[in-house]
Amino acid sequence: MSGDAGDPTRVALRLAPMTAALAAEVALWRYASPDDVHDGTPGTPMALLDGNHVAIMAGDEFVGFVGIGGEARVRGGPHDDGDVTDVAIGIRPDRLGEGIG
């Protein structure tokens with residue numbers, strides 16, 4: 001996504017390596033119901049440092065992450081048959097509804 005100085009609804013995003021510090025932030029994220037099923041947990045940092053996650057940055061601000069593989073699979077979705085790559089996007093709770101994800 002590229003930023004457009006004339007359009008305040010557009011945000012320039014970039015992907016960056018997931019770090020232990022960023023993963024620790026995600027563990028503290030709390031969402032309002034019904035999205036609270038995505039709240040971070042004490043195990044979140046280790047899960048995000050598995051090599052299958054990258055940070056989403058808006059400038060120097062950490063706004064979310066992208067994950068691929070089995071951890072990204074929607075519960076109840078199709079089983080891994082080798083033909084599908086699951087992708088998930090997590091957006092920081094206070095940035096929801098801004099058109100980032």
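Modeller: Let us take strand β3, residues 61–68, which is mostly covered, with six of its eight residues buried. Buried means under 20% relative accessible area, exposed means over 50%, and partly exposed is in between, using a 1.4 Å probe and protein chains only. Helices (H or I, at least four residues) and strands (E, at least two) are DSSP runs, numbered from the N terminus. The model is predicted, so local features need pLDDT of at least 70 and side-chain atom pairs count only at pLDDT 80 or more, while totals for chains, interfaces and linings use all residues. Residues are numbered from 1 along each chain as its sequence is written, and side-chain values use heavy atoms, leaving out hydrogens and water.

Start with the strands on either side. Two strands pair if DSSP finds at least two bridges between them. Strand β2 (residues 53–58) runs antiparallel to β3, and six bridges join them. Within this pairing, I56 has G64 as its bridge partner, and V54 has V66. β3 is also joined to strand β4 (residues 87–91), again antiparallel, by five bridges. There, I68 stands opposite V87.

β2 deserves a look of its own. Five of its six residues are buried, so it counts as mostly covered. β2 also pairs with β1 in the antiparallel sense, over four bridges. In that pairing, I56 of β2 stands opposite L15.

Now the turn. β2 and β3 form a hairpin with two residues between them, and G59 in the turn has a positive phi of about 70 degrees. G59 has a relative accessibility of 41%, so it counts as partly exposed. From C-alpha to C-alpha, G59 is 7.4 Å from A12, although 47 residues separate them in sequence. Contact means heavy atoms within 4.5 Å. Leaving aside residues up to four places away in sequence, G59 touches A12 and R14.

Next comes what lies on the covered side. A nonpolar core is a set of buried Ala, Val, Leu, Ile, Met, Phe, Trp, Tyr and Cys residues joined through side-chain atoms within 4.5 Å. The largest one here has twelve residues, including F62 and F65, together with A55, M57 and W29. Two or more of its residues come from each of α1 (20–27), β2 and β3. α1 gives the most, with three residues. Apart from this core lies another, of six residues, among them I56, A58, V66 and I100.

In helix α1, the buried residues are L22, A23, V26 and A27. Seen down the helix axis, these fall within an arc of 155 degrees, so they line one face of α1. That arc is taken from the directions from the helix axis to the C-beta atoms. The elements covering them include β1 (14–17), α2 (44–48), β2 and β3.

Last, the charged residues. Side chains of opposite charge can pair when their charged atoms come close. A salt bridge is a side-chain nitrogen of Lys or Arg within 4 Å of a carboxyl oxygen of Asp or Glu. The whole structure has four of them. One joins D60 to R14, with the closest N and O atoms 4.0 Å apart. D60 is in the loop between β2 and β3 and R14 is in strand β1, so this pair ties together parts 46 residues apart in sequence. D60 counts as exposed because its relative accessibility is 75%, while R14, at 41%, is partly exposed.

Another salt bridge joins E61 to R95, with the closest N and O atoms 2.7 Å apart. E61 belongs to β3 and R95 to the segment after β4, so parts 34 residues apart in sequence are tied together. E61 is partly exposed at 31%, whereas R95 is buried at 11%. R92 and D94 also form a salt bridge, at 2.6 Å between the closest N and O atoms. R92 is buried, at 15%, and D94 is exposed, at 51%. Together, E61, R92, D94 and R95 are linked in a network of salt bridges.
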